[in-house]
Amino acid sequence: MILSDDELTRYARHIVLKEFGGSGQARLKAATVVIVGAGGIGSPAIQYLGAAGVGRLILVDDDSVEPSNLQRQTIFTTADTGVAKVDAAAGAVRRINPHVAVETHCLRIDRANVASLLAGADVVLDGCDNFATRFCVADAAYALGIPLVSAAVGQFEGQLATYRGWEADKPCYRCFVGEDPERAETSCAEDGVLGPVTGVVGSLAALEVLRAIAPFGDDPAGKLLLIDLLALRFRSIRLPKDPGCSACGKREPTL
């Protein structure tokens with residue numbers, strides 16, 4: 001991938017990093033990232049991935065912008081109320097960086113469409129708000145051999161992990177969560193969430209997407225980052241691979 005003069009200037013602070021450099025920036029330009037959920041986590045992630053120069057972003061979300069979103073989903077403005085989130089977010093990316101191609105899908109991911117939506121992606125970022133969709137995306141990413149960056153938030157807390165369960169020593173999402181997609185769930189509307197918490201977690205998710213595309217530093221796969229912003233505390237724990245996992249415990253991944 002050849003970077004134009006404008007891109008060389010735009011990404012100069014990336015290129016000067018010896019751990020990243022021009023080769024890392026070229027990898028970003030060549031990459032396709034699917035972002036599932038354009039809400040609290042997706043909002044900052046989309047902005048940073050667009051600004052960073054990821055060549056193609058595929059945004060998937062079936063919601064429209066509501067006034068209650070605006071306290072934390074900073075990619076949107078009051079004027080976006082009632083607009084499909086993916087369309088409003090795509091417009092913001094185009095204003096941020098004209099070098100990024102954006103594809104939008106205003107729909108809910110399910111078993112029937114997930115493979116086609118993820119096909120060809122280099123990384124999938126899942127920031128959705130329900131377990132049914134998370135399992136669907138995680139299973140497809142595993143079956144397709146696509147690194148999955150999974151993030152979640154609630155109140156003052158967040159968690160983040162990268163999954164490559166097809167590797168012999170790395171867990172998949174089901175190794176961590178188990179087999180209960182119908183577990184009781186609560187929403188931000190019920191429990192609340194402090195706006196900047198989504199900004200912190202979404203920005204960290206964008207960082208891990210960049211790391212997955214153009215590796216730098218330590219490999220995060222196999223670790224879970226737990227974020228407690230009430231106490232301003234970050235800690236990582238190791239996630240073991242479950243030999244009895246219904247997904248990566250099988251010989252061959254299947255959709």
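Predicted model: local features only at pLDDT ≥ 70, side-chain atom pairs only at ≥ 80, totals over all residues.
1. Residues are numbered from 1 along each chain as its sequence is written, and side-chain values use heavy atoms, with hydrogens and water left out.

2. Now the overall shape. A compact globule of 255 residues would have a radius of gyration near 18 Å, and the protein has 18 Å, which agrees. (The radius is taken over C-alpha atoms, and the globule rule is 2.2 Å times the number of residues to the power 0.38.) Along its principal axes, the C-alpha trace spans about 50 × 40 × 40 Å.

3. How much of the protein is buried? Buried residues make up 49% of the 255, where buried means under 20% relative accessible area, exposed means over 50%, and partly exposed is in between (1.4 Å probe, protein chains only). The protein exposes about 12100 Å², and carbon and sulfur atoms supply 53% of that. These accessible areas come from the Shrake-Rupley method with a 1.4 Å probe; for residues, only the protein chains shown count as cover.

4. Next, contacts, meaning heavy atoms within 4.5 Å. Take the contacts with a separation of 6 or more: residues 24 or more positions apart account for 66% of them.

5. Have a look at helix H5 (residues 85-96). Its twelve residues should span 16 Å at 1.5 Å a residue, and its end C-alpha atoms are 16 Å apart, which agrees. (The expected span is 1.5 Å times one less than the number of residues.) Its buried residues are Lys85, Val86, Ala88, Ala89, Ala90, Gly91, Ala92 and Val93. What covers them? The cover includes helix H4 (42-52), strand E2 (56-60) and strand E3 (101-105).

6. Helix H10 has 19 residues and reaches 28 Å from its first C-alpha to its last, close to the 27 Å expected. Its buried residues include Gly195, Val197, Ala205 and Ile213.

7. Stay in H10 for Glu208. This residue counts as buried because its relative accessibility is 10%. Beyond its neighbours within four places in sequence, Glu208 is in contact with Val149, Leu160, Thr162 and Pro220. Glu208 also forms a salt bridge with Arg211, with the closest N and O atoms 2.8 Å apart. (A salt bridge is a side-chain nitrogen of Lys or Arg within 4 Å of a carboxyl oxygen of Asp or Glu.) The two are separated by about one helical turn because they are three residues apart in H10. Arg211 is buried as well.

8. How many salt bridges are there in the whole structure? A search finds 14. One of them joins Asp126 and Arg134, with the closest N and O atoms 3.9 Å apart, and both of these residues are buried. In another, the side chains of Asp169 and Lys170 meet at 3.2 Å, N to O. Asp169 counts as exposed at 55% relative accessibility, whereas Lys170 is buried at 12%. Both belong to a network of salt bridges that links Arg164, Glu167, Asp169, Lys170 and Asp219.

9. Two backbone angles deserve a look. Most residues other than glycine have a negative phi. Gln155, however, has a positive phi near 55°. Gln155 lies in the loop between strand E5 (148-154) and strand E6 (157-163) and is partly exposed, with 39% relative accessibility. Leu232 also has a positive phi, about 50°. Leu232 sits in the loop between strand E7 (223-228) and strand E8 (233-238) and is exposed at 67%.

10. Leu194 is in the loop between helix H9 (188-191) and helix H10 (195-213), and is partly exposed at 46% relative accessibility.

11. Last, Cys245, in the segment after E8. Cys245 is buried, with a relative accessible area of 6%. The C-alpha atoms of Cys245 and Arg174 are separated by 6.8 Å, while the two residues are 71 apart along the chain.

Definitions and conventions
Helix = DSSP H or I, 4+ residues; strand = E, 2+ residues; numbered from the N terminus.
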